[in-house]
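Hello,

Here is the structure I promised to pass on. My notes follow below it.

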Amino acid sequence: MKIIRNDSYQNEYSSAARKLILNAGLSQEQAQNFLCLNETDYSRWWKECDINLKASNLDSLTKALGISSDEAVFETYDLTKLRKDLFRTAGPLPDRYSVNSYSRVRSSSHIIKYLTLTKGQMFADQILKSMQVSPLLFDDQDNRISLNFFLDLLETLSDWGFSPGELDNLACVLFLGLQNTNLGNRFKSAQTHAQCYAILGESLSSFDENFLYSYDVDSSQFHMTSILPFDKHESTALSPRRLALLQRYRLILLGWFPYLSGLEPILPSVQYSTKKSGLCAQYSVYFAGDKSRPLTLCRN
Amino acid sequence: MDLSRSIDNLAEYRRSEFFQYLGQFLADRRVQLGISVDRLAQLTLIGAGQIREIESASREASQQEFDSLLAHLDIDIYEIHEICRVTHAQYMLEFYRIIDENYPK
């Protein structure tokens, strides 16, 4: 079906362009350039003032995205392909995230998936876009990124209105990023808390190398010391607020690993201290006794 | 958790959040597949207005509507169970926040 090109369709052009921009996850700057509008006209159009688009504007936008105007108007384009093509041409990671890239994206991919599931693709895209990071980075869980990315992500979400409670949720949905992976299957196979934490101890480097870890596990308890070494993180932006966000997240995360094995979570006790070499956290998890709570206890 | 298809079972933990996330997920999938609301309405025999309400979570999908939407949007029930697990984890966390002394203040 072809679009009839006359003035009465200008609103359809506007509506199609607006949807396409949001679905594709274009930045306002990209959208303005692709539509061939100057800044003032673009701003007036986006705010739904008195400007409608011409067919040529929509043509220019769709051409830049490799689809036809018909596909945009009737929403019949392949969005997955369009996004892949679009983000593939995005620039490299900012230095802030590529220098000292001791984290693997598997340590944050569940957060992106959680945002996509609960807030929508568009929201997740906007967050990543505001950080100049392509969603394609998360296609390979072994891709590396700096701790700054994770800190920025928590801080950005907090700035965007996430309450402490909502941020806590991010630490208990690790399963979203490990689904159908070897590591996820290993955790799934654990029958006891001791087995689960033994797997965690063995796989700590699969998540990140920002921290120096030592751990000890037996049938009744798990102890782990993590040190964030100063000499390795000279370029990491650590403010008290960012550190508090990170510490809170990691405490809940550590308690939530058993959930990957279908076992009840156990929040650890923790002691923080500052050593000459770095920031130290000592976690203790006790498996047996009163703290055991069957998952079925938590039903409505 | 078994792979139940019952919408009441899936929404068991935090009903309002479940339908909110489900609506968002259905809308995202529809857009990814390039299907308009009107086209989906034709395929599923659910009114376009009702689909918009389900997507915006202003209305809960019935079991029949849920089954039909999943079938026509090519959604595996496993994907919906991920949403269910998210609401379960959120519910558990809420529980721990109240009773666990180690929960951060």
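How many positive and negative side chains does chain A have, and how far apart do the centres of the two sets lie? Chain A has 31 positive and 32 negative side chains, with the centres 2 Å apart. Lys and Arg count as positive, Asp and Glu as negative; His and the chain ends are left out. Each charge is placed at NZ of Lys, CZ of Arg, CG of Asp or CD of Glu.

The model is predicted: local features need pLDDT of at least 70, side-chain atom pairs count only at pLDDT 80 or more, and totals for chains, interfaces and linings use all residues. Residues are numbered from 1 along each chain as written, chains are lettered from A and ligands numbered from 1 in written order, and side-chain values use heavy atoms, without hydrogens and water.

Chain A has 15 helices and 6 strands (DSSP runs: H or I, at least four residues; E, at least two; numbered from the N terminus). Of its 300 residues, 52% are buried (under 20% relative accessible area, 1.4 Å probe, protein chains only).

Now the cores. A nonpolar core joins buried Ala, Val, Leu, Ile, Met, Phe, Trp, Tyr and Cys residues through side-chain atoms within 4.5 Å. The largest has 100 residues; Leu157(A), Trp256(A), Phe257(A) and Ile80(B) have the most contacts inside it. Helix α6 of chain B (residues 77–99) gives the most to this core, 10 residues. Apart from it lies another core of 26 residues, including Leu35(A) and Leu53(A).

Trp256(A) touches residues of chain B, among them Met92(B) and Tyr96(B) (contact: heavy atoms within 4.5 Å).

Best wishes

Terms used
Buried means under 20% relative accessible area, exposed over 50%, partly exposed in between (1.4 Å probe, protein chains only). Lists of a residue's contacts leave out its neighbours within four places in sequence.
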